Amino acid sequence: MTERPQPTERDEYSYLLSLDTRWGDNDVYGHVNNVVYYAFFDTAVNKHLIEQGVLDIARSDTVGLVVDTQCSFFSSIAFPDEVHAGLKVVHLGKSSVRYEIALFRNDNEQAAALGRFVHVYVDRATNTPVPIPAPVLQVLKTLMP
């Protein structure tokens, strides 16, 4: 059996994105519902790629499709918390990249959740895997520890 991941620390991430929770993110148990964590992951990855100029969601010929996700929860996040998503690349393949995304609640130094998010790059028209484009690869390498 694989050992359960442990919370990471904020200073392990060179890229941090601030995300506000919303009233509707809370579930009946009074904390952010688990599906929202995956939306935070998706937002952090894609916003970074857009900010770096290597993803145009309407026109890029090559796009990353999510093929695998996972989340380990350590402590609750709830509205009106501010979430800081720490992003790093932990594996680069020929056509795939595995990100690690840590979600930090407010000013906490230890992650409330730790996610894995895998993109496989495909040709938008054919949906077949292609090598990660060189400009994207350059950006991804800056996120490696």
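Two strands are taken to pair if DSSP finds at least two bridges between them, and strands themselves are DSSP runs of E with at least two residues, just as helices are DSSP runs of H or I with at least four residues, both numbered from the N terminus. The model is predicted, so that local features need pLDDT of at least 70 and side-chain atom pairs count only at pLDDT 80 or more, whereas totals for chains, interfaces and linings use all residues. Residues are numbered from 1 along each chain as its sequence is written, and side-chain values use heavy atoms, with hydrogens and water left out.

Strand 1, which spans residues 15-20, runs antiparallel to strand 3 (residues 82-92), and the two are joined by six bridges. Within this pairing, His-84 of strand 3 is the bridge partner of Ser-18. Ser-18 belongs, with Leu-16 and Asp-20, to the uncovered face of strand 1, while Tyr-15, Leu-17 and Leu-19 make up the covered face.

The loop between strand 2 (62-73) and strand 3 contains Pro-80, and the peptide bond that joins Phe-79 to Pro-80 is cis, with an omega of about 15°.

Positive phi values occur at two asparagines. Asn-106, which is not a glycine, has a phi of about 50° and is placed in the loop between strand 4 (96-105) and strand 5 (113-123).

Conventions. Buried means under 20% relative accessible area, exposed over 50%, partly exposed in between (1.4 Å probe, protein chains only).
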